[in-house]
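Hello,

Here is the structure I promised to pass on. Have a look at it first, and then read on for what turned up.

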Amino acid sequence: MKYKNILLSFFTIILYCFIICISCYASQNTANTISALSVKGNQIVDENGAPIQLKGISTHGIAWFPDYINEYCFKELKQKWGINVIRIAMYTAESGGYCTDGNKEYLKNLVKKGVDCATKCDMYVIIDWHILSDGNPNTYIEESKAFFDEMSKKYCNQKNIIYEICNEPNGNISWNDIKQYAEQIITVIRKNDPNNIILVGTPNWSQSVDKAAENRIKDFNNIMYTLHFYAATHKQELRNTMKNALEQCLPIFVSEYGICDASGTGQIDIQQSNEWIQFLNQNHISYVMWNISNKAESSAILKSDCKKTSGFTQNDITDTGIWLYEMLTNTYTSHIPDTSQNIQNINNVSNDLQVHMNMINHWQQYTKYYYQYDITIINNGKNKINNWNISIPFDSTITLINSWNGIFTMNQNQINIHSMDYNAQIEKGQSITNIGMIISSDTKIYQ
């Protein structure tokens, strides 16, 4: 009996150790879905040496727009928009700035919250020391050293971290001044974090990458130089400057861009924006748009009356936001489905049909999300409609659970509805109602 108990205890210990190993392995696999990045030539590469391109969006100043730093927002941007990097912009000198009248601990905690949210969503995250009105990064160099010392100690073991140590040097500031600052800050970071990528701003609001190409930072690995553009202001001339720097093998990261003019509030230039993106994609350059907020300016992706911080619909998004969504998802002929407004009729027999689709109920059961819709079709034409067909696209993979008062068929993520015998005819100016369906999805649908 004694030996039997010893043997049982032995096997219990072995089984326990096995379970612990399996749990650790699973935990490690979950945590390592992000690949460590490095710089090879003028390219970002992953752990296997394959080129990788980051495409993302920046917050506005977190002191003014803190609520967009939340896991739901970041997850939505990743899953719905295809964004894989978030930039956390912490202003240093403006009202509420870290080095002026801002609450340092509050702002640092917001940065850390942003990093945590991005990490949970398997996204890369840029910690941005957002100098602007202070112009010269050396103005607050001691504060910068302390900040990046703390951040690099905390995140030295995370693969998804990128440090941006000076947003837009400007004014009477030379590349030599910026370089001297950068070398000191990089030294601080590298004592704690030897590997994660560091972004260095360039003169003239991060446009003069040619100056950096002539006299780049030495003795450190995984350093990149930033170029910023606003498409309605910065055009072929700046692209030529960038092209020349790339040909000199300067690693460049576009950590901020907009499709409007440099003020952030002016007219959008779609043609120049598309030319920029084509150029960046051809050269495999990473880029981050400015900005996710509801600030009343053309560079923001949300309308000023949008109070949401996640769950955005097409009706919440500005022209800039629509351009970004379509560019990232390659859906240039349709927008995000808005389930509270009119739905475009794709295959209807008359261009005079107007369709309203309202979500009247939604719930979650286990890992599935369920949505119930009520559909009204209105004949705004001059003649009677004798039969009708409508098609409703969704941006998520869906399953049709139930339907009524129509012949429903599925085509990938699109639901097609054909009239029944008893509701095929719609007199001019009249409507039919009580067409409905219930669908399910593995992910939340825009509401």
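A residue counts as buried when its relative accessible area is under 20%, and as exposed when that area is over 50%. Please keep in mind that this is a predicted model.

Leu238, Arg239, Met242, Ala245 and Leu246 are the buried residues of α8. They sit on the same side of the helix, because the arc they cover around the axis is only 120°. Their cover includes α7 (209–214), β8 (223–230), β9 (252–258) and α9 (270–282). Glu237 and Glu247 are exposed, on the face of α8 turned away from the buried side. After the helix comes Cys249, with a positive phi near 65°.

Most residues other than glycine have a negative phi, and most peptide bonds are trans. Asp122, in the loop between α3 (104–120) and β5 (124–130), has a positive phi near 55°. Asp219, in the loop between α7 and β8, also has a positive phi, near 70°. Asp122 is partly exposed at 29% relative accessible area, while Asp219 is exposed at 81%. A cis peptide bond, with omega about 10°, links Trp290 to Asn291, and Asn291 belongs to strand β10 (residues 287–292).

Lastly, look at Arg87 in strand β4 (residues 85–91). Arg87 is buried, with a relative accessible area of 0%, and its side chain makes a polar contact of 3.4 Å with the side chain of Ser58.

Best wishes

Methods:
Residues numbered from 1 in each chain as written. Predicted model: local features only at pLDDT ≥ 70, side-chain atom pairs only at ≥ 80, totals over all residues. Heavy atoms only, no water. Buried < 20%, exposed > 50% of the residue type's maximum accessible area, 1.4 Å probe, protein only. Helix = DSSP H or I, 4+ residues; strand = E, 2+ residues; numbered from the N terminus. Arc of directions from axis to C-beta. Contact = heavy atoms within 4.5 Å. Polar contact = N/O pair within 3.5 Å; in protein donor to acceptor, adjacent residues only side chain to side chain.
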